[in-house]
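This report describes how the parts of one model are packed together. Please look over the sequence and the coordinates before reading on.

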Amino acid sequence: MKKLLVHIVIVASLFFVFDRALGLGLKYMYVRSNATDEYKISYSNETTRDSILFFGSSRCLHHYVPAIFEKELGIGCYNVADWGIKNIYYHYGLLGNILSRYTPKTIIFEIHPCDWLNTPFSGKERATSLAPYCGMSKACDDMLKLSGQYWPYQLSMVYRYSGSLPSLITGKYGSMDRSLKGWKPLEGIIDTMGIKAEEYPFPIDRERVKILEQFILVCQQHHIQLIFIESPMYVCSKQDVFKFPHDLAGKHQIPFLDHYHDSDFVGHPEYFYDFGHFNKKGAEKYSEKIAHELKHIIGSPIQ
Amino acid sequence: MTALLFILTLAFWLIGREIDKSIEQGKEHKSSILTTLSVVVGIGALFYFKYLNFFIGSFVAAANIVGIHISWTAAHIIVPIGLSFFTFKLMSYPLDIYHGKISHDQNFFDFANYIAFFPTILSGPIDRPKPFLKQLKQSRLFNSDNLMVGFRRILWGMFLKMCIADRMDLYVSAVWNNYEHHSAISIVYASLLYPLQMYADFSGYSEMAIGVSLMLGFKVAENFKRPFFTINIANYWSRWHMSLTSWLTDYVFMPLNIKLRDWGTNGTIAAIMLNMTFIGMWHGADWTFFLFGIYHGLWYIPLMLNGQFFKKTKIKLNSHGWPTYPFVLKMIGNYLVVTFGLILFHSSDIIEFWSVICRIPEAWNGSFFFDMPTLVNAALCSIALIYVDIQEEWFPNKKLYLPKRAETWRWELTVALEIVAILLFGIFDNNQFIYFQF
C-alpha cells in the first residue's frame with residue numbers, strides 16, 4: 001500500500017510538472033498566434049484599449065467595420081465579437097476580463113436570440129472559449145463555473161487548450177489582418193435558392209436573462225454607454241423575435257437600433273454572404289449607416 | 001433489462017445444473033435435449049429482441065414484391081443493452097458443461113457474477129465460464145501491480161477512444177453524413193480512416209474493460225491483437241474482436257465443419273460462410289450486416305482453395321526486424337479489403353451503401369475536405385498507436401530507451417504523459433462507443 005501511495009505521489013508530481021510546462025508553452029503560442037480565432041480572443045481579452053467595443057457573435061464579427069466608425073466618430077473602435085454562435089455566457093465573461101484592464105466608453109451589443117432564449121445549439125459551453133483566461137476575472141470564472149469546466153481548467157493548464165495544438169503550431173503563420181481591428185469580411189454573394197427565415201421556437205431562459213441583466217448592470221456601474229443593435233437578415237422571421245430585448249432596453253433605458261427589417265438590406269442578395277451575414281460590401285454600407293446614426297447617440301447621456 | 005438478465009441467468013444456471021446431473025446419471029439424450037433447449041432459449045432471446053422486426057419486415061417486403069400485400073407495423077421492442085454479449089456468455093455455460101469442459105457451479109451468485117460482471121457486460125470481451133469462474137473461487141488479495149497495470153490499460157483505452165476514435169469520428173461523420181456534398185477523395189479518405197476509428201473505439205473500450213477487471217483482480221479475455229498487421233482476412237479475424245470470433249469458432253464453425261466434413265473443402269467453405277454470416281448478423285439486424293458477413297466469407301474462399309486457410313503464414317522479416325516489402329503490400333491490400341467491408345458496415349441500409357459507392361466515380365473533381373485541427377490531432381495520436389502496435393508486434397523486447405535513473409519511473413512517466421495527452425488531444429463530449437449498439 002505504501003509503495004502504491006509513493007507511485008501515486010510521483011505520478012501527481014510528474015503530471016503537475018508536465019502540465020504546467022506544456023500549459024505555459026501552449027499559452028505562449030496562443031497569445032502569439034496570428035490565426036484569426038486565437039488572435040481575436042487574446043487581443044480582445046488582453047490588449048484592446050479602444051473606447052468603443054462591438055460585442056456579439058458572428059453577425060457582429062462580420063457586420064461592423066471599425067475603420068468606418070473611427071472615421072465617422074473620431075474615436076478608437078474594436079470589434080471583439082467572435083464566431084460560433086457565442087452567447088451571453090461568453091460576452092459576460094469577456095466583459096469581465098476587459099474591465100479587469102480598462103473601462104471602454106461605449107459598448108455596442110449586437111444582441112442575438114441565443115442571448116436570452118434557451119437555444120439548444122448554443123448553451124453554457126460557449127463560455128469555454130475563454131478557457132485560456134480562467135482566473136482573469138470573477139465574471140469569466142463565474143461563466144466557466146456555469147459551463148462546468150472551471151475546476152478542470154484550474155487543475156490542468158493543458159486542458160484549457162484541449163484540441164488546439166495544431167492551430168497553435170500553425171498559428172504563427174496565420175494571416176490575421178490586424179488593421180481590420182477585429183472585423184472579418186466575407187467575400188461572395190448569397191445563393192438565394194431555398195433560403196428561409198431563421199425561426200427561434202425556444203422558451204426564454206431565466207439564467208441567460210439574469211446574466212444579460214448583469215451585463216447591463218455592470219455597464220451602468222462602470223458608466224459605460226450600452227447600445228443594443230440588431231442588424232438585418234436576408235429574410236426576416238414573421239415572429240416578433242426581438243420583443244424581449246426591446247422590453248429589456250426600455251426597462252433599462254438602453255438605446256436599441258433595430259435594423260432587423262431594414263429595407264435597404266433585407267432581400268438584397270448583393271449585400272449578403274449567406275442568409276444571416278453580410279458580405280464585405282453589405283458590411284461597409286451597413287457600417288456607414290450605423291456610424292451616422294451613432295453620431296447622434298454616442299457621448300449623449302444615457303437616456 | 002435487469003429482470004430479463006436475472007431470469008435468463010437463473011434459467012441458464014438451472015439448465016446447466018440439469019445437464020450436469022444428466023451427464024452424471026449417464027442420461028446422454030436428456031443432456032443433449034437440455035443443451036439444445038439452452039441454445040434455443042439464448043438464440044430465441046436474441047431473435048425476439050434484436051431480429052424479430054427485421055425478419056418480419058423483410059418477409060413483408062418480399063411478399064409485397066411478389067404481389068401479396070400484407071399490412072404490418074413494427075413491434076416496439078427495446079433491445080436490452082449488451083444483449084448480444086451476455087446471451088453468448090450465457091449460452092457458452094451449458095455448452096461447456098455438455099462438452100465436459102466445466103462442471104456446474106453450485107454457487108448461483110458466482111455464475112451471476114460471471115454473466116453480469118460490470119466491466120464486460122456492455123461490450124465484452126465475451127469471457128468463457130471456465131477461466132472466469134475459476135478466478136471467482138480463488139481468493140483475491142490487494143495487489144498493487146494489478147492496480148498499476150490495470151490503471152495504465154484504462155488510460156491507454158481512454159487515449160484510443162477520446163483522442164483517436166472520437167477525433168476521427170468528427171471527420172468521418174462529417175463526410176459520411178453528407179456524402180452527397182463531398183468529393184470522392186474526401187469519401188475515400190473518410191472510408192480509409194474508418195477501420196482505424198473502429199479499431200481505436202472498440203479496442204479502447206476493451207482496454208478499459210480489461211484494465212478495470214484487472215484492478216478488481218480479474219483477468220478477462222483479450223479482444224484485439226494488432227489486427228491490421230495481417231496479410232489475409234483469416235488472420236485479420238483471428239486478431240479482431242477475438243473473444244467473439246473464438247466463441248463462434250468453437251460453438252458454430254467447428255461443429256458445422258465436423259458435420260459437413262463429408263463434403264470436403266466445400267463443407268469447410270459452407271461452414272465458413274455460415275460462420276461469417278453469423279458474425280455479420282451478430283452486429284445488427286440489417287441486410288448490410290448480412291452482406292458484411294457474406295463479403296468477409298467470400299474472401300476466405302481463395303484461402304481455402306490455395307490451402308492457406310489451415311496454414312499459419314509467418315510474416316517474413318528483414319535483417320532489421322521489419323516486415324519485408326511484399327508482406328507490407330499484402331497488409332495494405334488486406335486493410336483495403338477490410339475498409340470496403342466497413343463501408344457496408346457503416347451504411348444505414350443497402351441503398352445508402354450503393355449511393356456512397358456510386359458517388360465516388362461521380363465526384364472525382366471535387367476538392368478535398370481538409371479539417372486541419374481534427375485531422376492533425378487524430379494523425380498525431382495515431383502515430384502513438386501505430387508506434388505502440390509496431391513495437392509490440394515486431395520489437396516486443398525493445399522498449400523506448402530511458403536513462404537508467406528514469407527507467408525505474410517508467411510507469412509513472414507513462415501514466416503522467418498519458419493523462420496530459422488525453423487532456424491535450426481528447427474529446428470530452430460523452431461520445432458513445434460504436435459497439436454499445438450491438
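Which residues have the most contacts inside the largest nonpolar core?

## Basis of the description

The model is predicted, so that local features need pLDDT of at least 70 and side-chain atom pairs count only at pLDDT 80 or more, while totals for chains, interfaces and linings use all residues. Residues are numbered from 1 along each chain as its sequence is written, and chains are lettered from A and ligands numbered from 1 in the order in which they are written.

## Nonpolar cores

A:Phe109, A:Leu130 and B:Ile164 have the most contacts inside the largest nonpolar core, which has 130 residues. Such a core is a set of buried Ala, Val, Leu, Ile, Met, Phe, Trp, Tyr and Cys residues joined through C-beta atoms within 7 Å, where buried means that 20 or more other C-beta atoms lie within 10 Å of the residue's own, with C-beta atoms placed from the backbone. The largest share of this core, 16 residues, comes from H7(B). Another core, of 38 residues, lies apart from it and includes B:Leu90, B:Leu95, B:Leu248 and B:Ile279.

Leaving aside residues up to four places away in sequence, A:Phe109 touches A:Phe55, A:Gly56, A:Leu226, A:Ile227, A:Phe228 and A:Ile229, a contact being a pair of C-beta atoms, placed from the backbone, within 7 Å.

## Helices of chain B

Helix H1 of chain B, residues 2–24, has 23 residues and reaches 33 Å from its first C-alpha to its last, close to the 33 Å expected at 1.5 Å a residue; helices here are DSSP runs (H or I, at least four residues) numbered from the N terminus, and the expected span is 1.5 Å times one less than the number of residues. Among the buried residues of H1(B) are B:Phe12, B:Trp13, B:Ile15 and B:Ile19, and the buried residues of this helix pack against H2 (28–65), H3 (83–98) and H4 (108–115) of chain B. Just after H1(B), B:Gly26 takes a positive phi of about 75°.

In H13(B), the buried residues include B:Asn334, B:Val338 and B:Gly341, and what covers the buried residues of that helix includes H7 (144–176), H8 (184–215) and H14 (350–362) of chain B.

## Contact between the chains

Between the two chains, 18 residues of chain A are in contact with 20 residues of chain B. H1(A) gives the most to the side of chain A that touches chain B, with ten residues.

Note on methods: Helix = DSSP H or I, 4+ residues; strand = E, 2+ residues; numbered from the N terminus. Buried ≥ 20, exposed ≤ 12 C-beta atoms within 10 Å, placed from the backbone.
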